[in-house]
Amino acid sequence: MNTKQEHATINNERGIISKKGGRFHTSSPFAQENLYTILWGDEYVCNDTYSVKRESLNAISLYHIVSGKMEFRYNGQHFFANEGDTVLLDLKKPHEYRSVSKLRLQQYLIEGAPAQRYCDYLTEQFGYLYSPSAKLALLFGKIQQEVEAEFMNEHRVSYLLHEIFSRLVMQETSQISPSVEKARQYMNRHYQEPISVDDVAEHVLLSRSHLNRLFRKELGCGPHEYLLQTRLNISKELLTESRLSVESIALQTGFQSSTHYIRAFKKATNMTPSYFRRFFNPLAGTAESSELIEN
């Protein structure tokens, strides 16, 4: 591009030099309820005057910085995104962003109930800014092909968006810190005992709150949830591989009582331990459907 073109702008869109030709898309009712969908998306080149400031927009936005640098102000935070970075924002909150230099940007406005839940999980656990990944760049390229097509395949788009979200999680949780690994091993060894999160935190020389933050960032759950999952998973093995009573299994897996165990098991699986045992062991007889918890 020559200098004159570099500083040109598209009508009504200050700072945007060129677009690839993305389209708006109206999702089917099924997709809105069950899939990850795209309302609009495109790749465009901007000069350093490009900026956006809104109070709200009813969509989630994925930004992939192909080249250049952007500045974001969102939810009380101020940060910069560089080449290769990905940014995820819920635009229902006030947001402001701008180009810091010449910019090539891929942006996709996402809808769908599952996407909202995954976005909430990601931003609560890991924040808004994600570091570069060659696989993510490839996935964004495939998304761009879909938004440029005359007909957007909703199921293919949903698959690609889900993979992007999944890779954002895996990218942030690929490394487990020594403190979390030590805490995890401690709980795996002592799950039969009446240990608490405070005991685990003391063992790894961290505060309870700091340990909780590390667990949620690296494993996607708190230490209490991890300990409960460990106890429940081992109890499932005992239910299917032994003839121990439910009361004995409860005590052997660290629960305060069989009542506490049954309540926790029901909440996690939507069935009682006895029903679970008979379900996975046909020789145990037909389970009563009344043992299922009504939704």
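**Chain as a whole**

The predicted model contains 12 helices and 10 strands. The chain has 295 residues, and 43% of them are buried. Its accessible surface amounts to about 16000 Å², with carbon and sulfur atoms contributing 49% of that area. When contacts between residues at least 6 apart in sequence are considered, 68% link residues at least 24 apart.

**Helices α9 and α11**

Helix α9 spans residues 223-241 and helix α11 spans residues 258-269. The two helices pack with their axes 11 Å apart, at an angle of about 95°. Angles of 65 to 115 degrees count as roughly perpendicular, and α9 and α11 are therefore placed in that class.

On the α9 side, the contact is made by Leu 228, Leu 232, Ser 235, Lys 236 and Leu 239. They meet Tyr 261, Ala 264, Phe 265, Ala 268 and Thr 269 of α11. Sorted by class, this contact comprises seven nonpolar residues, two polar residues and one charged residue.

**Cysteines**

The count of disulfides is zero, where a disulfide would need a pair of cysteine sulfur atoms within 2.5 Å. Are Cys 46 and Cys 221 buried or exposed? Under 20% relative accessible area counts as buried, and the values are as follows.

| Residue | Relative accessible area | Class |
|---|---|---|
| Cys 46 | 0% | buried |
| Cys 221 | 11% | buried |

Cys 46 is therefore buried at 0%, and Cys 221 also counts as buried at 11%.

Note on methods: Residues are numbered from 1 along each chain as its sequence is written. This is a predicted model: local features need pLDDT of at least 70, side-chain atom pairs count only at pLDDT 80 or more; totals for chains, interfaces and linings use all residues. Side-chain values use heavy atoms; hydrogens and water are left out. Axes are lines fitted to C-alpha atoms, for helices over the stretch in contact, and angles run from 0 to 180 degrees between N-to-C directions. Helices (H or I, at least four residues) and strands (E, at least two) are DSSP runs, numbered from the N terminus. Angles under 35 degrees count as roughly parallel, over 145 as roughly antiparallel, 65 to 115 as roughly perpendicular and the rest as oblique. Contact means heavy atoms within 4.5 Å. Ala, Val, Leu, Ile, Met, Phe, Trp, Tyr, Cys and Pro count as nonpolar, Asp, Glu, Lys and Arg as charged, and the others, Gly among them, as polar. Buried means under 20% relative accessible area, exposed over 50%, partly exposed in between (1.4 Å probe, protein chains only). Accessible areas come from the Shrake-Rupley method with a 1.4 Å probe; for residues, only the protein chains shown count as cover.
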